[in-house]
Amino acid sequence: MNEIREVIERKAALLETGDAKAILSYYTPTFVEYNLAPPLRQPGDARDPGKLEAWMATFEAPPRREVTQLEITVDGDVAFATSIDCLSAVPRGSTEGFRLWFRVTLGLRRVDGRWLVVHEHESVPFEMDGTFQASIGLEP
């Protein structure tokens, strides 16, 4: 489990460096990705850092990602991990930053001795009062 924890924490720490290729080295070439931005399913291609680089360019500096409440379950060469993560950043052209807490579920597989992400799902809860507004003010 320590190897998997290191993969998840290292991947998050690399975000601050802005090195999209290094981040994507922790994913299988074609992974399933359900992230916070539309559409409902993102095409995951770890061979193409362009999408990740374009997203990071929307901030004054690379964002910071903190992984908390990490829980890992392993069975052979397959693992699942859940966490509550916090993204902190300053949007390009803004003087104020933001912090967003969100839920993460990762599916990992050991490939040639390395743990790699094969499935990533990120979400924020939404209000069930008919407004369907994202509950972005929540904190653990």
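Residues are numbered from 1 along each chain as its sequence is written, and side-chain values use heavy atoms, with hydrogens and water left out. Because the model is predicted, local features need pLDDT of at least 70 and side-chain atom pairs count only at pLDDT 80 or more, whereas totals for chains, interfaces and linings use all residues.

An open sheet is formed by 6 strands in the order β2-β1-β6-β5-β4-β3, with mixed pairing. Strands (E, at least two residues) and helices (H or I, at least four residues) are DSSP runs numbered from the N terminus, and two strands pair if DSSP finds at least two bridges between them. From one strand to the next, the twist averages 20°. Strand β1 (residues 27–34) and β2 run antiparallel and are joined by 4 bridges; Thr 30 stands opposite Asp 45 in β2. Helix α1 (residues 2–15) lies across β1, β3, β4 (78–89), β5 (98–111) and β6 (114–123), and runs at about 160° to β3. Such angles run from 0 to 180 degrees between N-to-C directions, with axes fitted to C-alpha atoms, for helices over the stretch in contact; contact means heavy atoms within 4.5 Å.

The largest nonpolar core holds 27 residues, of which Ile 4, Tyr 27, Ala 81, Leu 106 and Leu 108 touch the most other members. Two or more residues are given to this core by each of α1, α2 (20–24), β1, α3 (50–56), β3, β4, β5 and β6. A nonpolar core is a set of buried Ala, Val, Leu, Ile, Met, Phe, Trp, Tyr and Cys residues joined through side-chain atoms within 4.5 Å. Buried means under 20% relative accessible area, exposed over 50%, and partly exposed in between (1.4 Å probe, protein chains only). Residues up to four places away in sequence not being counted, Tyr 27 touches Lys 11, Ala 46, Leu 116, Val 117 and Glu 120.

Several backbone features were identified. A cis peptide bond, with omega about 0°, joins Pro 38 and Pro 39; Pro 39 is found in the loop between β1 and β2. Gln 69, in strand β3, has a positive phi of about 50° although it is not a glycine. Phe 132, in the segment after β6, has a positive phi near 60° and is exposed, with a relative accessible area of 56%.

The search of the whole structure finds 10 salt bridges, defined by a side-chain nitrogen of Lys or Arg within 4 Å of a carboxyl oxygen of Asp or Glu. In the salt bridge between Glu 16 and Arg 64, the closest N and O atoms are 3.9 Å apart. Glu 16 lies in the loop between α1 and α2 and Arg 64 in strand β3, so the pair ties together parts that are 48 residues apart in sequence. Arg 65 forms a salt bridge with Asp 85, the closest N and O atoms being 2.9 Å apart. This pair links strand β3, which holds Arg 65, to strand β4, which holds Asp 85, 20 residues apart. Both Arg 65 and Asp 85 are buried.
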